[in-house]
Amino acid sequence: MQVSLPTRNAVANGADPLISLVGVSKRFPNGTLALDNVDLNIPRGQLLSLIGLSGSGKSTLMRHLNGLHRPTAGKVTVMGVEVSSASNRQLRGVRRNIGFVFQQFGLVGRATCLENVLTGALGRLSGPRYGVWSYPKKLRSEAFDHLERVGLVNQAYQRADTLSGGQMQRVAIARSLMQQPQIMLADEPVASLDPESSAQVLDLLLRVAVEEQMTVIVTLHQVELALGWATRIVGLRDGRVVLDRDATTLKQEDAMEVYQRVDKNLAQPSNIAQPSNIATEPAPLALREK
Ligand SMILES: Nc1ncnc2c1ncn2[C@@H]1O[C@H](COP(=O)(O)OP(=O)(O)OP(=O)(O)O)[C@@H](O)[C@H]1O
Ligand SMILES: [Mg+2]
């Protein structure tokens, strides 16, 4: 793997809003109000971390960006397409530009790393593919390049279910890169990983985001990691944006405010301030470069 790590500030924060949410609310059929009047503009190249208690609406917000959920009210626009009212064809176009990595990795365990990475190119091809040799040579070589980038070229022919969690997530990132996405959504990408693997995966995400000038949205339960990684922190509470700040100047105690619950009847903080899964690990060293 290449040694020098670009810093997070190397990503340009353009004024062009690649993603915009205007007055977005989502009420599920069971009555849950998961998003409540969310306004958010995300420019190209931004590294944004979404934080908030379990159930605050982070995954729901992400699922609105690739059209997996449609809002009950408001408008979601991604790369100029109004996702909230897009046709299936338009949606496919948007989804081709969005890579997605998540906690469970989503790899085919019985397939090799190379095959898993190649499946990331399916949206660029017509028709199904069976096995490595059914992909064009150019794509096979691209897949090798991405495996090299994530430091797993020696594992190309290893079954994915024999990898460590950190390695699996790196394969999942390589697979997303095959899509040549402009946007990467990472929903708790390090939630199942130990601190060292978490740092490696976040370092890698940062590196590819800078190299590819991608816009990345990551949900993280560890505030320290979010502060060390992102350029912007958005905090959700009960589906509302309660914090929206530049990560480089935000103090940890201010970020922790997102987790304070206020009992609306008593109008004072209740005792359920912090979930046990808000870890207090230091941010990986490489991420602290500014
Ligand atoms: N398909 C659904 N049907 C009904 N309610 C849902 C659905 N999806 C999510 N919810 C509810 O919406 C709220 C927000 O859920 P969401 O998964 O977005 O939270 P989250 O912030 O991602 O939480 P976590 O940190 O645990 O992943 C929760 O109350 C959840 O139960
Ligand atoms: Mg979630």
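How far apart should the ends of the 18-residue helix α6 be at 1.5 Å a residue, and what is the distance between its end C-alpha atoms? The question is taken up first below. The model is predicted.

## Helix α6

Helix α6 covers residues 195-212. At 1.5 Å a residue its 18 residues should span 26 Å, and the end C-alpha atoms lie 25 Å apart, so the two values agree. Just past the end of α6, Gln 213 has a positive phi of about 55°.

The buried residues of α6 are Ser 198, Ala 199, Gln 200, Val 201, Leu 202, Leu 204, Leu 205, Leu 206, Val 208, Ala 209 and Val 210.

Five of the five residues of β3 are themselves buried, so the strand is largely enclosed by the rest of the structure. In a regular strand, side chains alternate between the two faces of the sheet. In β3, Leu 47, Ser 49 and Ile 51 point one way, while Leu 48 and Leu 50 point the other way.

β3 pairs with β8 in the parallel sense over four bridges.

## The nonpolar core

The largest nonpolar core holds 76 residues, of which Val 171 and Leu 205 touch the most other members. Helix α6 supplies the largest share of this core, with nine residues.

Leaving aside residues up to four places away in sequence, Val 171 touches Leu 107, Cys 113, Asn 116, Val 117, Val 150, Leu 152, Ala 160 and Leu 163. Leu 205, the other residue that touches the most members of the core, is among the buried residues of α6.

## Around ligand 1

The residues around ligand 1 are Phe 28, Asn 30, Thr 32, Ala 34, Gly 52, Ser 54, Gly 55, Ser 56, Gly 57, Lys 58, Ser 59 and Thr 60. By type, the shell divides into two nonpolar residues, nine polar and one charged. Helix α1 (residues 58-65) gives the most to this shell, with three residues.

Notes:
Residues numbered from 1 in each chain as written. Chains lettered and ligands numbered in written order. Predicted model: local features only at pLDDT ≥ 70, side-chain atom pairs only at ≥ 80, totals over all residues. Helix = DSSP H or I, 4+ residues; strand = E, 2+ residues; numbered from the N terminus. Expected span 1.5 Å × (residues − 1). Buried ≥ 20, exposed ≤ 12 C-beta atoms within 10 Å, placed from the backbone. Pairing = 2+ DSSP bridges. Near = placed C-beta within 6 Å. Nonpolar A, V, L, I, M, F, W, Y, C, P; charged D, E, K, R; others polar. Core = buried A, V, L, I, M, F, W, Y, C linked by C-beta atoms within 7 Å. Contact = placed C-beta atoms within 7 Å.
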